[in-house]
Amino acid sequence: MADIKISNLHKEFGVGDDKVVALENVNLEISGHVFVSIVGPSGCGKSTLLNILSGIETPTSGSLTITQAGAQAAPGYVFQAARLLPWRTVMDNLLFVQADKSSETRARCQKYLDMVQLGDKGDKFPGELSGGMQQRVGIARAFSIEPDVMFMDEPFSHLDAITARSLRRELHSMWAATKKTIVFVTHDVGEAVELSNRILVFAQGGILKDDINVELDFPRDPSDEAVAVAKANVLKKFEELDLLAT
Ligand code: ADP
Ligand code: MG
């Protein structure tokens with residue numbers, strides 16, 4: 001469980017007429033065992049924020065700390081594509097990111113493969129698996145290093161609706177079982193409502209517009225009335241903020 005503190009975080013790309021403000025002085029705190037979703041229309045800075053949190057991008061100005069019990073927190077990442085090494089088996093893809101290859105480490109990798117229902121696929125190569133299975137391997141790999149905080153950028157957006165739904169359920173049980181802090185980017189309000197206790201709404205220009213708590217029990221079934229109402233309420237806020245795609 002991590003503590004994230006973001007102060008006056010600002011990010012611009014390009015110069016002069018080409019200048020784009022991707023994040024506009026964002027202030028934010030995320031703390032403890034929470035599932036936070038970042039939602040907003042395409043181009044509103046979601047990936048930029050996640051990339052800065054992950055250390056892939058540097059901010060133009062502002063500050064950022066990610067700590068666990070006062071020390072630097074260990075992050076894990078999952079992106080839109082699994083980015084597996086095709087010439088290594090599933091198990092070897094997980095072992096590749098570990099500090100050691102001891103039998104304990106191997107058992108830990110197996111535990112996370114079991115969690116994503118791929119316990120028997122360790123000897124397969126990525127090319128032998130479906131897109132959904134490859135994404136599951138990517139998720140198992142990210143959890144297998146047991147990070148304090150997990151950053152996920154639209155991890156299910158390339159999957160069909162049914163596969164995405166079962167992966168959301170799995171991810172949610174992993175979040176509950178491992179007590180990680182998860183920061184999850186999505187453009188899908190339904191997905192955010194199903195998964196999160198907190199939804200941060202961003203608008204064009206990288207402006208944090210709203211910070212919504214969703215206080216419903218987990219697991220949430222999207223066909224459940226309370227979940228549908230929560231989704232409608234978030235969409236209403238989108239409408240009020242003029243964020244719906246036209
Ligand atoms: P989102 O993930 O919400 O779709 P991004 O964070 O990818 O949005 O992009 C935010 C804005 O910053 C967009 O206008 C995008 O074109 C711009 N941008 C993102 N990355 C770069 C980059 N490496 N160089 C120039 N502009 C960028
Ligand atoms: Mg993006």
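**Close-up views of the predicted model**

View 1. With a relative accessible area of 0%, Phe35 is buried (under 20% relative accessible area; exposed is over 50%, partly exposed in between; 1.4 Å probe, protein chains only). Keep in mind that this is a predicted model, where local features need pLDDT of at least 70, side-chain atom pairs count only at pLDDT 80 or more, and totals for chains, interfaces and linings use all residues. Residues are numbered from 1 along each chain as written, chains are lettered from A and ligands numbered from 1 in written order, and side-chain values use heavy atoms, without hydrogens or water. There are six aromatic pairs here, meaning Phe, Tyr or Trp rings (six-membered ring for Trp) with centres within 6.5 Å; planes under 30 degrees apart are stacked, over 60 edge-to-face, the rest tilted. One of them puts Phe35 edge-to-face with Trp175, at 6.0 Å centre to centre and 75° between the planes. Phe35 comes from strand β3 (residues 35-39) and Trp175 from helix α5 (residues 161-178), so to speak two distant parts of the chain, 140 residues apart. (Helices, H or I of at least four residues, and strands, E of at least two, are DSSP runs numbered from the N terminus.) Trp175 is buried as well, at 5% relative accessibility.

**View 2. Tyr77 and Phe79.** This pair is stacked, with 6.1 Å centre to centre and 25° between the planes. Phe79 is buried at 14% relative accessibility, while Tyr77, at 34%, is partly exposed.

**View 3. The ring cluster and a cis proline.** Phe35 and Trp175 turn up again here: ring pairs tie them into a cluster with Phe156, Phe184 and Phe218. Phe218 has another point of interest, as a cis peptide bond joins this residue to Pro219, with omega about -5°. Pro219 lies in the loop between β10 (207-213) and α7 (225-240).

**View 4. Where helix α4 meets helix α5.** On the α4 side, look for Gly132, Gln135, Arg136, Ile139 and Phe143. They meet Thr163, Ser166, Leu167, Glu170, Leu171, Met174 and Thr178 of α5, by contact of heavy atoms within 4.5 Å.

**View 5. Met133 and its contacts.** Met133 lies in helix α4 and is partly exposed, with a relative accessible area of 24%. Leave aside its neighbours within four places in sequence, and Met133 is in contact with Leu118 and Lys121. Gln117 and Met133 are 16 residues apart in sequence, and their C-alpha atoms are 8.9 Å apart.

**View 6. Ser63 in strand β4.** Strand β4 (residues 61-68) holds Ser63, a partly exposed residue with a relative accessible area of 39%. Not counting residues up to four places away in sequence, Ser63 touches Lys5, Ile6, Ser7 and Leu9. Ser157 is 94 residues from Ser63 in sequence, and 30 Å away from C-alpha to C-alpha.

**View 7. Two loop residues with positive phi.** Ala69 isn't a glycine, yet its phi is positive, near 50°. You'll find Ala69 in the loop between β4 and β5 (71-72), exposed with a relative accessible area of 79%. Lys179, also not a glycine, has a positive phi of about 60°. Its place is in the loop between α5 and β8 (181-186), and Lys179 is partly exposed, with a relative accessible area of 42%. For context, most residues other than glycine have a negative phi.
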